[in-house]
Amino acid sequence: MSVPAGAYLISNEITLDSRISIKSLGDVTFLSDTPTLFNIKHINTYADARESGSIFDGTDGIIRMEPKDGTPTGKTAITFSDTTSPNYIAIKNVRNISIKNFDTGIDITASDFYLTNFYNVKIHDCQQYCVNIHGSNNNSGENVTFNQCAFGNSKNTVFNIADGWEITFNNCSFDYNENIITLNGPYNYITFNKCHVEGNSGYV
């Protein structure tokens, strides 16, 4: 689904099947007036969603997400949801998006979430988490990567990670956050390659 350049006020949650791609045609801003802006799930259970593709693609401009009034309390930009397996939000990409001033930038509760890559994603000024990964995920966590992403001014923890996730950060920046990562179990595998940390006031 191609979205022309402009600013769009979203007053109700947008629920999308994980096989649908939102592609910007220029500079696109989604202003959220709803608790959750985008809810991504595998709606069409008759189709296998384990196929490569971009869920958000801002490479022909940028996709911005912000609360309408700048108030983050209780608001989430993107939720990957549906804990009913099989869900298959797998082998997907998110490219060139900016998330600002939400309570949580990206919230992941979905089952079957793996082999997903984030490129040039900027998440900043979140009140709770830039990325919150819940413990209810089933068959999730294999080889998730963040590439050339930036996370800044998070008031709590940049990444809150459930047990059993394998996450790689390549050339990412973590600037002026309270804490970077909270691991909620002993079986996580986290790799940092050529990353930058600046002004962190808590723990890594």
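Me: Where does Asn96 lie?
Reply: Asn96 lies in strand 9 (92-100); strands here are DSSP runs of E, at least two residues, numbered from the N terminus. The model is predicted, so local features need pLDDT of at least 70 and side-chain atom pairs count only at pLDDT 80 or more, while totals for chains, interfaces and linings use all residues. Residues are numbered from 1 along each chain as its sequence is written, and side-chain values use heavy atoms, with hydrogens and water left out.

Me: What is phi of Asn96?
Reply: Near 55°, a positive value in a residue other than glycine. Most residues other than glycine have a negative phi. Asn96 is partly exposed at 22% relative accessibility (buried is under 20% relative accessible area, exposed over 50%, partly exposed in between, with a 1.4 Å probe and protein chains only).

Me: And which loop holds Ile91?
Reply: The one between strand 8 (89-90) and strand 9. Ile91 also has a positive phi, about 55°, and is partly exposed at 31%.

Me: Switching to salt bridges. How many does the structure hold?
Reply: Five, each being a side-chain nitrogen of Lys or Arg within 4 Å of a carboxyl oxygen of Asp or Glu.

Me: Which residues are linked with Lys23 in a network?
Reply: Asp57 and Asp60 are linked with Lys23. The closest N and O atoms are 3.5 Å apart for Asp57 and Lys23. Asp57 lies in strand 5 (residues 53-57) and Lys23 in strand 3 (residues 22-32), so this pair ties together parts 34 residues apart in sequence. For Lys23 and Asp60 the closest N and O atoms are 3.1 Å apart. That pair links distant parts of the chain, 37 residues apart, with Asp60 in the loop between strand 5 and strand 6 (61-67).

Me: Is Asp57 buried or exposed?
Reply: Asp57 is buried at 12%, whereas Asp60 is partly exposed at 46%.

Me: What about the largest nonpolar core, how many residues?
Reply: 47, with Phe56, Met65 and Ile78 having the most contacts inside it. Such a core is a set of buried Ala, Val, Leu, Ile, Met, Phe, Trp, Tyr and Cys residues joined through side-chain atoms within 4.5 Å. Strand 16 gives the largest share, four residues.

Me: How many residues of strand 16 are buried?
Reply: Six of its six, residues 157-162.

Me: Which strand do five bridges join to strand 16?
Reply: Strand 19 (residues 179-184), running parallel to strand 16; strands pair if DSSP finds at least two bridges between them. There, Ile161 has Leu183 as its bridge partner. Three bridges also join strand 16 to strand 13 (residues 129-133), again parallel, with Asn132 opposite Asn160.
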